[in-house]
Amino acid sequence: MRLTPGRLFWLKCVLHTGFVLPLLWLGWGVAVSQLGGDPVQYIIHFTGKGTLHGLMLTLLITPLAKRLKMGPLMQTRRLLGLWTFSYGVLHLLAFVSLDLLFAWNMLLTEILKRPYLLVGMAGLLILTALAVTSVKSVQRRMGAHWQRLHNWVYLVALLAPIHYLWSVKSEIIEPSLYLLLCLWLLWLRRDKLLNTAFIRKVFSPLSS
């Protein structure tokens, strides 16, 4: 099936809706107190999983576009990336506001004390850099440096599920599945991944 401009427009509408509706549902759950016995952790985990879902969808686009021979599908990556970043920011704000009660001075202490927070913050900082540089004018100014920067999304694909896995005290099955899915998505991109300058710099000493 050919992805015409009209179909691409409606696909983007569906994707936007798919990210907005869960937030509306979460807001409704807060309003009617239907988020279980620990609503704070529910909100934090909900937004965290939303970040992971957006990240995995973003990584799936290129292999899917190649498999289906739908080049225009690549035009949805920026949309998905910005929604991933948005959910990541909401995840951080939920933690700071509901868990730390806006005690910003405690944030750095908590990050340094808890490895999973350090990993999560590193991933969010990378997502922030990717979101800020996703504007067309910035892409033109950065030239080839833009692609090198955006290759760091592969690192986020490891940091995000590790952050989730380390954050849970029990029930590690679900976060382990997320980690396996992210590893599978990276495997689908293995040809490009192994050709990035970042990976060559890491592994070239091992091969010499």
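Start by selecting Trp25: at 40% relative accessibility it counts as partly exposed, since buried means under 20% relative accessible area, exposed over 50% and partly exposed in between (1.4 Å probe, protein chains only). What you have open is a predicted model, where local features need pLDDT of at least 70, side-chain atom pairs count only at pLDDT 80 or more, and totals for chains, interfaces and linings use all residues. Residues are numbered from 1 along each chain as its sequence is written, and side-chain values use heavy atoms, with hydrogens and water left out.

Rings of Phe, Tyr and Trp (its six-membered ring) pair if their centres lie within 6.5 Å; planes under 30 degrees apart are stacked, over 60 edge-to-face, and the rest tilted. By this rule the count comes to 8 aromatic pairs. For Trp25 and Tyr42, the ring centres are 6.2 Å apart and the planes sit at 40 degrees, so this pair is tilted. The pair links distant parts of the chain, with Trp25 in helix H1 (residues 5-31) and Tyr42 in helix H2 (residues 39-68), 17 residues apart. Helices here are DSSP runs (H or I, at least four residues), numbered from the N terminus.

While you have rings on screen, pick Phe19, Trp83 and Tyr87: they form one aromatic cluster.

Next, the salt bridges, each a side-chain nitrogen of Lys or Arg within 4 Å of a carboxyl oxygen of Asp or Glu. There are 3 in the structure. Select Glu174 and Lys49, whose closest N and O atoms are 3.1 Å apart. Glu174 lies in helix H9 (residues 173-188) and Lys49 in helix H2, so this bridge ties together parts that are 125 residues apart in sequence.

Move on to Glu110, which is buried at 6% relative accessibility. Lys113 is exposed, with a relative accessible area of 53%, and Arg114 is partly exposed at 29%.

Last stop: select Arg78, Lys136, Arg140 and Arg141, which gather in a patch of positive charge on the surface. Such patches take residues with over 30% relative accessible area and no salt bridge, like charges being joined within 9 Å. Helix H6 (residues 136-142) gives the largest share, 3 residues. Arg140 lies in that helix and is exposed, at 65% relative accessibility.

Note on methods: Patch = residues over 30% accessible without salt bridge, like charges linked within 9 Å, V, L, I, M, F, W, Y side chains within 5 Å. Areas by Shrake-Rupley, 256 points an atom, 1.4 Å probe, with all protein chains shown as cover. Lys, Arg positive; Asp, Glu negative; His and termini not counted. Charge placed at Lys NZ, Arg CZ, Asp CG, Glu CD. Helix = DSSP H or I, 4+ residues; strand = E, 2+ residues; numbered from the N terminus.
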